[in-house]
Amino acid sequence: MEALFIGSLAPLGPRQVPSGIDKKPVLGRQKITRTGLAGDKQGDNRHHGGPEKAVHHYPADHYGEWRREGIEAAAPAFGENITTRGLSEADICIGDVFRFGSALLQVSQGRQPCWRLNARFDRPDMAVRVQKSGRTGWYYRVLEEGWAEAGDALVLHGRPQPDWPLARTIELLYTRTMDMASLDTLSKLPELAQSWRDLATRRIATRQVEDWNRRLHDNGA
């Protein structure tokens with residue numbers, strides 16, 4: 001574990017929408033509750049935060065890749081709570097359980113990039129780039145509340161879905177979008193956040209991919 005970050009609410013972008021994406025490093029032991037790190041804030045509680053998005057993890061390794069693509073950034077530019085090296089979307093699976101300090105975390109879903117990243121990076125295409133790259137990071141739900149600090153190890157405690165690395169899930173949602181058999185399996189994974197299970201179910205029922213425009217582009221919604 002390289003660092004822990006929490007954020008207060010602050011205006012973001014030209015519309016000055018309230019956001020907690022501008023996080024700062026914190027030292028010492030931090031309380032991890034069912035809804036995330038104590039003191040961490042979200043400006044849009046409808047789409048951010050909550051028990052299924054309690055803690056956001058973004059790999060530090062990705063920043064080198066962004067820099068090679070001409071985007072200068074460093075942790076916690078993506079609003080992450082946790083950053084590590086050597087762990088990516090290809091290495092973790094939906095439902096993975098990690099002991100972190102005295103807390104127990106479970107991978108619940110990946111991040112769905114939204115227009116707030118465009119405002120954060122002052123680039124109208126940033127959310128799209130994150131989605132296409134697969135470098136989204138992921139969220140944990142908190143199975144057991146506890147305390148942790150930067151430097152504590154993330155120790156794998158259980159892997160109930162070894163066939164579902166997050167990279168596969170991201171590819172299914174954004175690239176192989178009409179693989180109905182895989183979507184059906186995804187919709188039935190009990191460890192996956194309900195909102196993502198519902199997304200897979202709707203896509204099967206409608207035989208259509210949902211409209212991403214509102215999420216990916218800065219329309220102030």
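Glu65, Glu69, Arg123, Asp125, Arg129 and Arg135 are linked in a network of salt bridges. A salt bridge here is a side-chain nitrogen of Lys or Arg within 4 Å of a carboxyl oxygen of Asp or Glu. The model is predicted, so local features need pLDDT of at least 70 and side-chain atom pairs count only at pLDDT 80 or more, while totals for chains, interfaces and linings use all residues. Residues are numbered from 1 along each chain as its sequence is written, and side-chain values use heavy atoms, with hydrogens and water left out.

## Salt bridges

Side chains of opposite charge can pair when their charged atoms come close. The structure holds 16 salt bridges.

| Glutamate 69 | Arginine 135 | 2.9 Å |

Helices (H or I, at least four residues) and strands (E, at least two) are DSSP runs, numbered from the N terminus.

Aspartate 125 is partly exposed at 29%, and arginine 123 is partly exposed at 26%.

## Helix H1

The buried residues of H1 are His62, Tyr63, Gly64 and Trp66. H3 is included in what covers these buried residues, where contact means heavy atoms within 4.5 Å. Glycine 70 follows H1 and has a positive phi, near 90°.

Two packed helices are described by the angle between their axes and the distance between the axes. Axes are lines fitted to C-alpha atoms, for helices over the stretch in contact, and angles run from 0 to 180 degrees between N-to-C directions.

Helix H4 (residues 166–174) packs against helix H5 (residues 180–187) at an angle of about 125°, with the axes 11 Å apart. H4 and H5 are therefore oblique to each other; angles under 35 degrees count as roughly parallel, over 145 as roughly antiparallel, 65 to 115 as roughly perpendicular and the rest as oblique. The crossing of H4 and H5 is left-handed, a term used if the near helix is turned anticlockwise from the far one by less than a right angle, with right-handed used if clockwise. Arg168, Thr169, Leu172 and Leu173 of H4 make the contact with Ser182, Leu183 and Leu186 of H5. By class, this contact of H4 with H5 has four nonpolar, two polar and one charged residues. Ala, Val, Leu, Ile, Met, Phe, Trp, Tyr, Cys and Pro count as nonpolar, Asp, Glu, Lys and Arg as charged, and the others, Gly among them, as polar.

H4 also packs with helix H6 (residues 194–206), at an angle of about 40° and with the axes 12 Å apart. That angle makes H4 oblique to H6. The crossing of H4 and H6 is left-handed. The contact is made by Thr169, Leu172, Leu173 and Tyr174 of H4 and Trp196, Leu199 and Arg203 of H6. The contact of H4 with H6 has five nonpolar, one polar and one charged residues.

## Backbone features

Most residues other than glycine have a negative phi, and most peptide bonds are trans. Aspartate 122 has a positive phi of about 55° although it is not a glycine. Aspartate 122 is found in the loop between helix H2 (116–121) and H3 and counts as exposed at 70% relative accessibility. Arginine 207, in the loop between H6 and helix H7 (213–216), has a positive phi near 55° and is exposed at 51%. A cis peptide bond joins alanine 75 and proline 76, with omega about 5°. Proline 76 is placed in the loop between H1 and S8.

Note on methods
Buried means under 20% relative accessible area, exposed over 50%, partly exposed in between (1.4 Å probe, protein chains only).
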